[in-house]
Amino acid sequence: MAGCGLWRAGAAARASRALWDFSGSRRSLRTSVRAPAFAKELFLGRLEKKDVFPFPEVSQDELNEINQFVGPIEKFFSEEVDSRKIDQEGKIPMETLEKLKSLGLFGMQVPEEYGGLGLSNTMYARLVEIVSQDGSISVTLAAHQAIGLKGILLVGTEEQKAKYLPKLASGEHIAAFCLTEPASGSDAASIRTRASLSEDGKYYVLNGSKVWITNGGLANIFTVFAKTSVVDSDSSVKDKMTAFIVERDFGGVTNGKPEDKLGIRGSNTCEVHFENTKVPVENVLGEVGGGFKVAVSILNGGRFTMGSAVAGMLKKLIEITAEFACTRKQFNRSLSEFGMIQDKFALLAQKTYVMESMTYLTAGMLDQPGCPDCSIEAAMVKVFSSEGAWQCVSEALQILGGAGYMKDYPHERLLRDTRILLIFEGTNEILRMYIALTGLQHAGRILTGRINELKQGNVTTILETVGQRLRDSLGRTVDMGLTGNLGAVHPSVADSASKLEENVYYFGRTVETLLLRFGKTIVEEQMVLKRVANILINLYGMTAVLSRASRSVRMGLRNHDHEILQKI
């Protein structure tokens with residue numbers, strides 16, 4: 001493979017590994033008080049560079065710790081996991097699940113005091129890269145800890161954590177997240193499952209059905225969302241969503257047969273039914289009536305790891321595909337020598353590098369003190385990575401031609417597995433709406449006064465705006481501190497950094513124009529919102545790549561010249 005003449009496709013994987021290739025002394029993650037969320041400030045045309053420059057690093061102690069896990073887990077997945085068999089039989093063997101438990105993979109982010117590994121978001125993302133070598137296993141573990149038990153971690157009481165987390169961390173108990181219903185998918189607020197408080201006020205009686213529940217047939221513990229009657233501040237009674245921790249042993253909990261799915265066939269997905277299930281009041285998760293916020297918090301916090309999962313899968317796919325391209329000959333030449341094949345490998349390498357950079361930038365933010373709100377950043381990583389996965393696997397299959405369509409190679413299975421990524425944990429359409437509207441709401445709160453003055457014909461504000469637009473049309477020089485002698489980036493990427501600064505500035509001006517034009521009715525302008533979200537995703541990707549590539553040059557990491565190519 002090394003001598004095949006391919007434009008060093010393997011360099012993509014090597015450049016990606018450079019993220020973990022540190023030597024000498026390293027600084028710990030920054031611990032200063034954080035400014036407003038990075039992505040939201042982009043809507044105001046501001047680039048909060050201290051949030052993203054330099055690229056986050058892990059301490060040497062963390063690196064040593066994570067490397068203790070990497071070797072055994074990689075060895076297990078390469079030698080003992082038969083993904084083809086899992087796909088064909090539609091289930092993960094029990095011995096495989098037991099090995100996953102023994103490796104600690106059911107408690108990666110559960111604090112050590114409750115028996116878990118207590119990994120930071122960055123370290124968790126690194127292990128997810130390896131786990132993603134099998135889609136069914138990856139989804140099973142994610143459903144367990146990224147959403148299944150995450151509510152207990154985020155809003156659970158100390159009693160709830162002490163009671164449930166130890167057995168969940170060990171894998172003795174498996175968790176599932178129960179939100180989706182037959183009549184409510186993306187519209188989570190329309191669920192019909194109901195929990196009624198008993199007359200003595202000691203328990204809730206839960207009735208309803210949930211569909212497409214990953215781990216539904218395996219789980220002992222369920223995070224369930226149901227409508228409850230809540231007395232509002234005006235003394236009126238309203239139906240509001242509440243989250244509950246439900247044990248299968250409470251009774252009245254049954255599940256249907258496993259669904260026959262297109263992909264991730266080894267993961268257990270089924271309907272879960274609750275019939276007069278008695279749930280003690282102490283098993284309310286969060287506040288009564290606060291279930292929607294709990295659900296949003298759970299989903300927002302876990303999406304970012306899709307980037308590392310997809311990147312890990314793609315790096316392995318690049319290796320397999322490159323080996324084929326180097327050995328397969330047509331017209332007396334290796335496939336790897338043809339320009340259009342090389343173009344496909346360039347796409348795979350670029351997408352992998354970008355989604356990995358976005359993921360670890362977001363993980364670094366989340367690992368900062370104070371629980372920063374990175375919900376927009378996490379959503380952007382999910383959208384970019386899921387769509388990149390679908391595109392890249394399709395292109396890799398195309399390189400193999402007819403062979404890629406056969407089960408002898410993993411490409412057709414990966415194509416089936418990756419299709420779900422655009423749907424679950426929030427469809428990409430819903431997430432684009434969320435990305436755009438959340439940012440516009442932030443900008444709207446800050447720009448309300450100025451916009452009202454423009455609408456009311458305030459002469460001073462109008463003249464300021466006309467002058468600003470005139471300077472913009474004549475070619476404004478934008479300087480946000482990325483370049484120059486004291487700039488945040490290395491001089492070798494200065495041109496790209498200047499383009500990023502200009503794009504951020506003009507994006508802010510566009511946002512102001514949209515708010516002025518549409519006002520509150522912008523929520524109905526879905527095509528406008530889609531374009532806003534797409535621009536923001538690209539800006540975040542540009543930022544992550546510039547920050548990472550700049551750091552690599554400064555540190556002299558291997559293959560940093562290849563990383564520089566990614567920012568162009």
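At what angle do the axes of helix 12 and helix 18 cross, and within what distance do they come? In this predicted model, local features need pLDDT of at least 70 and side-chain atom pairs pLDDT 80 or more, whereas totals for chains, interfaces and linings use all residues. Residues are numbered from 1 along each chain as its sequence is written, and side-chain values use heavy atoms, without hydrogens or water.

The two axes come within 8 Å and cross at roughly 85°. Axes are lines fitted to C-alpha atoms over the stretch in contact, with angles from 0 to 180 degrees between N-to-C directions. Helix 12 and helix 18 are therefore roughly perpendicular (65 to 115 degrees). Helices are DSSP runs (H or I, at least four residues), numbered from the N terminus. Contact (heavy atoms within 4.5 Å) involves residues including Tyr-353, Met-358 and Met-365 of helix 12 and Tyr-540, Gly-541 and Arg-548 of helix 18. By class, this contact has 10 nonpolar, 3 polar and 2 charged residues. Nonpolar covers Ala, Val, Leu, Ile, Met, Phe, Trp, Tyr, Cys and Pro; charged covers Asp, Glu, Lys and Arg; the others, Gly among them, are polar.

The largest nonpolar core has 78 residues. Such a core joins buried Ala, Val, Leu, Ile, Met, Phe, Trp, Tyr and Cys residues through side-chain atoms within 4.5 Å; buried means under 20% relative accessible area (1.4 Å probe, protein chains only). Met-380 and Ile-435 touch the most other members. Helix 18 supplies the largest share of this core, 13 residues. Beyond four places in sequence, Ile-435 contacts residues including Phe-43, Met-380 and Leu-536.

Notes. Buried means under 20% relative accessible area, exposed over 50%, partly exposed in between (1.4 Å probe, protein chains only). Helices (H or I, at least four residues) and strands (E, at least two) are DSSP runs, numbered from the N terminus. Angles under 35 degrees count as roughly parallel, over 145 as roughly antiparallel, 65 to 115 as roughly perpendicular and the rest as oblique.
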